[in-house]
Amino acid sequence: GRFASSGGAAYWNFQSAFGGWALALALEAVRAGHPQPALIASVSAQFMKPLPEQGLTLAVAALRAGRLTDFVRVEGFAGEETASPLFTADFVLSDPRDDALDYTVPCPAAIAPEQSVLLPSSPGPRWLANYEQRLAEGTPFSAQDHPRTLAWVRDASGRPWDEKAILALSDTPMPRTFFLDPAPRFSATVSFAFHLHASRAEIAALGDGFLLVETTASRVARRRLTQDVRIWSAAGALLAVSHQLAFY
């Protein structure tokens with residue numbers, strides 16, 4: 001139930017490794033330690049300390065194994081230190097089942113990826129090089145009336161989408177402060193929630209193409225922000241949602 005990772009350098013941010021990488025790594029540990037064919041239903045995470053560039057250790061514990069739903073907890077530590085976790089992530093694993101009810105909020109209209117603004121990579125946050133991101137709506141480091149953005153995103157290496165990649169993708173949007181103030185106001189995620197709505201067939205049909213990431217915030221004030229994300233397929237299917245609280 002313990003796993004070690006030497007990676008992190010390729011997903012380094014400014015003062016911590018990219019949170020989406022840590023969540024994807026936690027899911028990999030869940031799959032390795034507790035083989036379970038069911039898809040993710042949700043992930044609830046708390047980030048308490050910066051994530052290391054190398055030497056992350058993950059401890060996996062099964063909390064409950066049900067007939068249709070499993071609950072698993074992952075704790076991340078710096079090296080061999082096990083007293084104080086850097087982050088925790090609680091996974092709920094359960095395959096979606098068809099039902100007569102089927103409501104989805106409308107998919108936003110967005111210009112094509114080829115017409116959108118390509119975001120450059122940066123030597124500081126090295127994790128950006130792992131994604132091709134094209135902004136269809138929103139201008140970073142500007143004083144917008146609202147912090148809503150639309151971004152087309154795909155893996156820079158051409159890796160096909162799966163549940164692990166979609167989980168990591170949900171943490172890629174820039175802090176909403178970047179779209180309310182020309183001055184950079186950086187933030188750190190404190191709590192994070194993710195819910196997967198896609199079926200296996202929907203995920204398999206995604207290939208390695210662009211997904212549309214819709215991001216907004218309900219409130220940005222008093223040095224904290226709440227950020228909401230919806231991830232859409234190119235065909236307009238809602239694949240996943242996430243919500244996080246960050247301090248800036």
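This is a predicted model: local features need pLDDT of at least 70, side-chain atom pairs count only at pLDDT 80 or more; totals for chains, interfaces and linings use all residues.
**A short tour: charged pairs, core and rings**

What does Glu28 form a salt bridge with? Its partner is Lys164, and the closest N and O atoms are 2.7 Å apart. Glu28 sits in helix H1 and Lys164 in helix H2 (residues 163–169), so this pair ties together parts that are 136 residues apart in sequence. Lys164 is also partly exposed, at 22% relative accessibility.

A search of the whole structure turns up twelve salt bridges. Another one joins the side chains of Asp95 and Arg200, at 3.2 Å from N to O. Asp95 is in the loop between strand S5 (87–93) and strand S6 (117–118), while Arg200 is in helix H3 (residues 200–204), so here the parts tied together are 105 residues apart in sequence.

Now a question for you: are Arg134 and Glu132 buried or exposed? Both are buried, and their side chains meet in a salt bridge of 2.7 Å, N to O. Elsewhere, salt bridges with shared partners join Glu137, Arg148, Glu214 and Arg230 into one network.

Let's move on to the nonpolar side. The largest nonpolar core has 54 residues, and Phe87, Phe91, Ile166, Phe194 and Leu196 touch the most other members. Helix H1 (residues 19–33) gives the most to this core, with eight residues.

Finally, the rings. The whole structure holds nine aromatic pairs. One of them is Trp127 with Tyr131, edge-to-face, 6.1 Å centre to centre with 75° between the planes.

Key
Residues are numbered from 1 along each chain as its sequence is written. Side-chain values use heavy atoms; hydrogens and water are left out. Rings of Phe, Tyr and Trp (its six-membered ring) pair if their centres lie within 6.5 Å; planes under 30 degrees apart count as stacked, over 60 as edge-to-face and the rest as tilted. A nonpolar core is a set of buried Ala, Val, Leu, Ile, Met, Phe, Trp, Tyr and Cys residues joined through side-chain atoms within 4.5 Å. Buried means under 20% relative accessible area, exposed over 50%, partly exposed in between (1.4 Å probe, protein chains only). Helices (H or I, at least four residues) and strands (E, at least two) are DSSP runs, numbered from the N terminus. A salt bridge is a side-chain nitrogen of Lys or Arg within 4 Å of a carboxyl oxygen of Asp or Glu.
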